[in-house]
Amino acid sequence: MRDENCIFCKIANGEIPSATVYEDEKFRVILDLGPATKGHALILPKEHFDDVCQLNEVYAGGVLPLAAKIGRAMKQGLGCDGFNLVQNNGEAAGQTVRHFHMHVIPRYAGGPKGIAAWEPGSADSKELEELADKIRTNI
Ligand code: 5GP
Ligand code: ZN
């Protein structure tokens, strides 16, 4: 299903031009207009899903192998030393476009460090067990 008001639906289906690096019947992979590093790409499904919780199994099964394919091509073509897969769900998590997308961010040795990085906090085993229980009982 498409969402007529969604910009990523329009880009994914070719109605708005984009720097496309890959396309098949399910996905379009484009370069991000506000890249974290040189070559930062976005994997867009051609159908509309708000976030990963809505993604159906066909698209979910396709996105990770495609991310690996793009990452491999980045290492070959851009000479990056690694890459991050980043996927935001919900405003609190930094999602600004409500159409599922996966970021593929090339990483260069000596490049910016502040991408997909956090300062490790701390937690004792009682707290970890309580938190685990809250998630476990809702799966
Ligand atoms: P989010 O924050 O939702 O995970 O990521 C949205 C990303 O989409 C951002 O990195 C932003 O730069 C990118 N973006 C937003 N609008 C456009 C657009 O019209 N074209 C392209 N190529 N990227 C976009
Ligand atoms: Zn959409």
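For the legends below, Ala, Val, Leu, Ile, Met, Phe, Trp, Tyr, Cys and Pro count as nonpolar, Asp, Glu, Lys and Arg as charged, and the others, Gly among them, as polar. Please keep in mind that this is a predicted model.

**View 1. The residues around ligand 1.** Welcome to the surroundings of ligand 1, where 16 residues form the shell. D32, N88, G94, T96 and H103 are the closest of these. Sorted by class, the shell holds 8 nonpolar, 7 polar and 1 charged residues.

**View 2. Polar contacts of ligand 1.** H101 takes part through its side chain, with a polar atom 2.9 Å from a ligand oxygen. Of the 520 Å² of accessible area that ligand 1 has on its own, the protein covers 80%. Two elements, α1 (7-12) and β2 (27-31), each give two or more residues to the shell, and α1 gives the most, with 3 residues.

View 3. Meet ligand 2, a zinc ion held by the SG atoms of C6 and C9 and the ND1 atoms of H48 and H99. These donors lie 2.0 to 2.3 Å from the zinc ion. The arrangement is tetrahedral because the 4 donor atoms subtend angles of 102 to 117°.

Notes. Residues numbered from 1 in each chain as written. Chains lettered and ligands numbered in written order. Predicted model: local features only at pLDDT ≥ 70, side-chain atom pairs only at ≥ 80, totals over all residues. Heavy atoms only, no water. Donors = N, O, S within 2.8 Å, 3.2 Å for Na, K, Ca; no water. Tetrahedral: all angles 85-135°; square planar, octahedral: opposite > 155°, others 65-115°. Near = heavy atom within 4 Å. Polar contact = N/O pair within 3.5 Å; in protein donor to acceptor, adjacent residues only side chain to side chain. Areas by Shrake-Rupley, 256 points an atom, 1.4 Å probe, with all protein chains shown as cover. Helix = DSSP H or I, 4+ residues; strand = E, 2+ residues; numbered from the N terminus.
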